[in-house]
Amino acid sequence: MEINLLCQSRYPVGRKFVIEKAKKFLEEKKLESASISIFVCGRRKMRELSRRYLRVVEDHEVLSFPYVEVKTDFVDFPDGILRLGDIAVCFPLAQQQAMIENKMTDEVIVELVEHGILHLLGEHHPE
């Protein structure tokens, strides 16, 4: 299993905690050989991603960028690792949500990462 976590330097994220929880979630989904990248960023970067890829300027707690669009089309790599895609999490919005819900920010980041993983697997919100 391969999980890469990149954070903008000013955001204090419990990297080990987030990675371990993401690994556990992937294992629960029977994806022991999966790969994801997680990027924790600020509001400005999240709006930039939203504008560039969704063509709207909105605040998002989490955005997912699948490697391929449909889960039945996953690419079979020779190394056997299933590359699901990238997840971006907005630290200030996660922190704000944590304060409202009386949780640790890292716990909310994990919840957002899990939500992002579900999107990478093709599960989306009802329209």
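Is the crossing of helix 3 and helix 4 left-handed or right-handed? In this predicted model, the crossing of these two helices is right-handed.

**Helix 3 and helix 4**

Two packed helices are described by the angle between their axes and the distance between the axes. Helix 3 covers residues 91-101 and helix 4 covers residues 105-120. Their packing angle is about 115 degrees, and their axes are 8 Å apart. Angles of 65 to 115 degrees count as roughly perpendicular, and helix 3 and helix 4 are therefore roughly perpendicular to each other.

Which residues make the contact between the two helices? On the side of helix 3 they are F91, A94, Q95, Q97, A98 and E101. On the side of helix 4 they are T105, V108, I109, E111 and L112. Sorted by class, this contact has six nonpolar, three polar and two charged residues.

T105 lies in helix 4. Its relative accessible area is 17%, and because buried means under 20%, T105 is buried. Apart from neighbours within four places in sequence, T105 is in contact with F91, A94, Q95 and A98.

**An aromatic pair**

A pair of aromatic rings is described by the distance of the centres and the angle of the planes. The structure holds two aromatic pairs. One of them is formed by Y53 and F65, with ring centres 5.2 Å apart and planes at 65 degrees. Planes over 60 degrees apart count as edge-to-face, so the pair of Y53 and F65 is edge-to-face. Y53 lies in helix 2 (residues 43-54) and F65 in strand 3, so the pair ties together parts that are 12 residues apart in sequence.

**A loop residue**

D79 is found in the loop between strand 3 (62-66) and strand 4 (82-90). How many residues separate D79 and S33 in sequence? The two are 46 residues apart in sequence, while in space they are 9.6 Å apart from C-alpha to C-alpha.

**Accessibility**

| Residue | Relative accessibility | Class |
|---|---|---|
| T105 | 17% | buried |
| F65 | 22% | partly exposed |
| D79 | 46% | partly exposed |
| Y53 | 47% | partly exposed |

Notes:
Residues are numbered from 1 along each chain as its sequence is written. This is a predicted model: local features need pLDDT of at least 70, side-chain atom pairs count only at pLDDT 80 or more; totals for chains, interfaces and linings use all residues. Side-chain values use heavy atoms; hydrogens and water are left out. Axes are lines fitted to C-alpha atoms, for helices over the stretch in contact, and angles run from 0 to 180 degrees between N-to-C directions. Helices (H or I, at least four residues) and strands (E, at least two) are DSSP runs, numbered from the N terminus. Angles under 35 degrees count as roughly parallel, over 145 as roughly antiparallel, 65 to 115 as roughly perpendicular and the rest as oblique. A crossing is left-handed if the near helix is turned anticlockwise from the far one by less than a right angle, and right-handed if clockwise. Contact means heavy atoms within 4.5 Å. Ala, Val, Leu, Ile, Met, Phe, Trp, Tyr, Cys and Pro count as nonpolar, Asp, Glu, Lys and Arg as charged, and the others, Gly among them, as polar. Buried means under 20% relative accessible area, exposed over 50%, partly exposed in between (1.4 Å probe, protein chains only). Rings of Phe, Tyr and Trp (its six-membered ring) pair if their centres lie within 6.5 Å; planes under 30 degrees apart count as stacked, over 60 as edge-to-face and the rest as tilted.
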